[in-house]
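I opened this notebook to record what I looked up in one structure. The entries follow the order in which I consulted it.

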Amino acid sequence: MFSLFLGSCLTVSREQGRMVRQFAKSTENFSVFPLKIGSELACIREGRGIYYANSLTEPLLHLAELDAIFKERMNDDRLPGRVGVAFKVLDRYADGLLQLTSDAPFTARSRCMVRFGSEMDTLVGKYNQVSEGHHLPAGIGTAFAAIVAEGTNHFLAGRQYQLLRRYVIGADTLVSSVCAEMLSWLSSETLRQLIQNEETGIHESFRFFFTKRSQPTIECDRDYLDLMKRVENLNSLRLQTMSAVRDLAVVHRKLAEALSGKRTLQETIEQLTTFYSEMEHLRNLFDTLKHPKYN
Amino acid sequence: MQKELTLSEIRLAQEEIATSLSVDGLDRSMVVHLEQTSFHLRNLERLLVAAMEKELIGELKKESLALNAVTEEMARAAVQLSVLTGVLRKVVKMVGQIIDMLEIAG
């Protein structure tokens, strides 16, 4: 009788563990989305810049414009490394969940992940220093380290599982704060203005080009339409990412509720499945962003 | 808000330059002058865009001095641009009038 009861607990735990792992996998590298928005903006800027440069009849100015485009692109390429700390915190959290829910036994290498916990706390501290508004709760990294320090072979081992549950529930405030930060980034007036500036900029650059070049080719027209389409695409990507971020916060809350027994596993799984499809769709959309021929 | 205003001022000024450049029979030195002005405006636009990107990733929150410098630069640019746009509009109008006169005389 006792072994039957234990068996059913373990099944639920394993299922929950899988659920947590799947969540972590779908949110893995989330910071790539804003990075891709930024690099697509840089590509569009470069594309239209070449047309503008070609409108200049004075050779020195033409060259100076090309040099400026080159310098600007170098600077833009360095920007992704400096993306907001909030995105990195979420990435690290998902990395941690993946590590903890891995089927592979803990090895000496995984124990090195204790360092990962302190890195996570450092990131949160850095965010709190920079952020002018709300602060993220500290101590998530320490909670992570506690699980690893248990040193058992599988995360399903009793105490370790309890710690994982505490880790996810404890991180819920962190995840919702980070999501709020991401939403404010994606919905910011500055990002909207940057996208809009490219839209009007494409029109302007081509106007200059068509003014000075007497024979525009069909290829130029295609490039114009292509660049306009890409800007339009960026707007819709921004909105879809915002919707995914909102859902991410909701789904994490439900996941934490399922782990704390406030919600049934079945209803959580259904919501998670919808979220996974949304995330997959979003990843596919971002994958379609092509590398411009100007590279 | 200041940046958006300045960016739209730049667009307006560039529009005027493009209109001026499209006028047939412009003197070569006038063309070079207009292109130079347009190139300066492009550089100003790049400066603003770079500042906006920095602001977006939160770098400017800690660099209040840099932010102040950029804001001051933008305020100065906005004034210069309004003047420049006014001058350009007058130039375009004048060139148009001269062409009309030449056409009538022709």
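The entries below cover the source, the overall fold content and selected helices.

**Source.** I worked from a predicted model, in which local features need pLDDT of at least 70 and side-chain atom pairs count only at pLDDT 80 or more, whereas totals for chains, interfaces and linings use all residues. Residues are numbered from 1 along each chain as its sequence is written, and chains are lettered from A and ligands numbered from 1 in the order in which they are written.

**Chain A overall.** I found eleven helices and zero strands in chain A, where helices (H or I, at least four residues) and strands (E, at least two) are DSSP runs numbered from the N terminus. I then looked up burial: 35% of the 295 residues of chain A count as buried (20 or more other C-beta atoms within 10 Å of the residue's own, with C-beta atoms placed from the backbone). Among contacts in chain A with a separation of 6 or more, 80% join residues 24 or more positions apart; a contact requires C-beta atoms, placed from the backbone, within 7 Å.

**Helix α4(A).** I checked residues 85-100 of chain A, a helix of 16 residues that reaches 23 Å from first to last C-alpha, close to the 22 Å expected (1.5 Å times one less than the number of residues). Its buried residues include F87(A), R92(A), Y93(A) and L100(A).

**α2(A) against α10(A).** I next took helix α2 (residues 32-53) and helix α10 (residues 218-259) of chain A, which pack at about 160° with axes 11 Å apart. Axes are lines fitted to C-alpha atoms, for helices over the stretch in contact, and angles run from 0 to 180 degrees between N-to-C directions. The two helices, α2(A) and α10(A), are therefore roughly antiparallel (an angle over 145 degrees). The residues in this contact include F33(A), I37(A) and L41(A) of α2(A), and L227(A), V231(A) and L234(A) of α10(A). I noted that the contact residues of α2(A) with α10(A) divide into eight nonpolar, two polar and five charged.

**α2(A) against α9(A).** I looked up helix α9 (residues 189-212) of chain A as well: α2(A) and α9(A) pack at about 15°, with axes 8 Å apart. They are therefore roughly parallel (under 35 degrees). Among the residues that meet are I44(A), R48(A) and Y52(A) in α2(A), and I195(A), I202(A) and F209(A) in α9(A).

Key
Parallel < 35°, antiparallel > 145°, perpendicular 65-115°, else oblique. Contact = placed C-beta atoms within 7 Å. Nonpolar A, V, L, I, M, F, W, Y, C, P; charged D, E, K, R; others polar. Buried ≥ 20, exposed ≤ 12 C-beta atoms within 10 Å, placed from the backbone.
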